[in-house]
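Please read the following note with the model open beside you. The points are meant to be followed one at a time.

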There are 2 protein chains.
Amino acid sequence: MEKVNIEEKLTKFSDHWHPRIVGELNGQQVKLAKLKGEFIWHEHADEDELFLVVKGQLKIELRDKTIILNEGEFFIVPKGVEHKPVAEEEVHVMLFEPASTAHSGKERHELTKDKLDHI
Amino acid sequence: MEKVNIEEKLTKFSDHWHPRIVGELNGQQVKLAKLKGEFIWHEHADEDELFLVVKGQLKIELRDKTIILNEGEFFIVPKGVEHKPVAEEEVHVMLFEPASTAHSGKERHELTKDKLDHI
């Protein structure tokens, strides 16, 4: 039962493509992540995923278009939709998604994290 | 499949204590609201509720303490916990909660909204 300061939580890690859990509610998790470079194409068969940009710019490539998110903008990737996050410069994002969501969907990659920490 | 710009959505309404729905995912809704003054004491028996302050300061009174949220801070009110949001000056918040969540829990009040619009 404590509040969360997003900026303060973001000072606690610096690695990219490694989300941390900062809240849980109704079976969903709130995560923070720092992204830089390209992630892999993947999808989440059963989970919608929300990306909210806290700082910087994130491109979410879809198969038919690219969503460009600046600070204060969010996008919900519907379940089953292939997407590839790309950050030309470091971007800080907040994620909302079910606790069951696998980091890179059913794809495996050196960037894949199987277990995420609470901070 | 469109992105949402939070500031732009906030220009679309000005009334207080009347959340608008700006996103849906996994049975949850993302809402934006402008708050000023005091809401009523209420609880949500089955739903955890997240308050994220986008602008201003929000006090969330609980029976045993008060949470003070500034911009960039969030708090999750667990299900069953009585709370009363108070905004001395206007505050803009993002809410994240199940689509089933009643505005003022089981309490009825002139501020209660039974149906929320998507914007």
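What follows is a set of numbered points on aromatic pairs, charges over rings, strands, the nonpolar core and an annotated span.

1. Conventions. This is a predicted model, in which local features need pLDDT of at least 70 and side-chain atom pairs count only at pLDDT 80 or more, while totals for chains, interfaces and linings use all residues. Residues are numbered from 1 along each chain as its sequence is written, chains are lettered from A and ligands numbered from 1 in the order in which they are written, and side-chain values use heavy atoms, with hydrogens and water left out.

2. An aromatic pair in chain A. Searching the whole structure gives three aromatic pairs over all chains, where rings of Phe, Tyr and Trp (its six-membered ring) pair if their centres lie within 6.5 Å, and planes under 30 degrees apart count as stacked, over 60 as edge-to-face and the rest as tilted. One of them is the stacked pair of A:Trp17 and A:Phe39, with 5.0 Å centre to centre and 25° between the planes. This pair links distant parts of the chain, 22 residues apart, since A:Trp17 is in the loop between helix H1 (6-10) and strand E2 (20-25) of chain A and A:Phe39 is in the loop between strand E3 (28-38) and strand E4 (49-55) of chain A. Helices (H or I, at least four residues) and strands (E, at least two) are DSSP runs, numbered from the N terminus. Both A:Trp17 and A:Phe39 are buried, where buried means under 20% relative accessible area, exposed means over 50%, and partly exposed lies in between (1.4 Å probe, protein chains only).

3. An aromatic pair in chain B. B:Trp17 and B:Phe39 also form a stacked pair, with 5.0 Å centre to centre and 25° between the planes. B:Trp17 lies in the loop between helix H1 (6-10) and strand E2 (20-25) of chain B, and B:Phe39 in the loop between strand E3 (28-38) and strand E4 (49-55) of chain B, so the pair ties together parts that are 22 residues apart in sequence. B:Trp17 has a relative accessible area of 5% and is therefore buried, and B:Phe39, with 7%, is buried as well. The backbone of B:Trp17 also deserves a look, as this residue has a positive phi of about 60° although it is not a glycine.

4. Charges over rings. In chain A, the charged end of A:Lys34 sits over the ring of A:Phe13, 5.4 Å from its centre; this wording requires NZ of Lys or CZ of Arg within 6 Å of the ring centre and within 35 degrees of the ring normal. In chain B, the charged end of B:Arg63 sits over the ring of B:Trp41, at 3.8 Å from its centre.

5. Strand E3 of chain B. Eight of the eleven residues of E3(B) are buried, so the strand is largely enclosed by the rest of the structure. E3(B) pairs with E2(B) in the antiparallel sense over five bridges, where two strands pair if DSSP finds at least two bridges between them. B:Leu25 stands opposite B:Gln28 in E3(B), and in this hairpin, which has two residues between the strands, B:Asn26 takes a positive phi near 55°. B:Asn26 is buried, with a relative accessible area of 19%. E3(B) also pairs with strand E8 (residues 83-98) of chain B, again antiparallel, over ten bridges, and B:Val86 in E8(B) is the bridge partner of B:Glu38.

6. Strand E2 of chain A. Five of the six residues of E2(A) are buried, so this strand is largely enclosed by the rest of the structure. Five bridges join E2(A) to E3(A), and the two run antiparallel. The bridge partner of A:Gly23 in E3(A) is A:Val30.

7. The nonpolar core. Which members of the largest nonpolar core touch the most other members? Of its 30 residues, they are A:Phe74, A:Met94, B:Leu50 and B:Phe74; a nonpolar core is a set of buried Ala, Val, Leu, Ile, Met, Phe, Trp, Tyr and Cys residues joined through side-chain atoms within 4.5 Å. Leaving aside neighbours within four places in sequence, the residues in contact with B:Leu50 (heavy atoms within 4.5 Å) include A:Leu25, A:Val30, A:Phe96 and B:Phe74.

8. An annotated span. UniProt, in an unreviewed entry, places the feature "domain: Cyclic nucleotide-binding" at residues 37-75 of chain A; UniProt positions are given in the numbering used here, feature names are shortened, and annotations may be inferred rather than shown by experiment. In the model, the end C-alpha atoms of residues 37-75 of chain A lie 19 Å apart, and the span is 0% helix and 54% strand.
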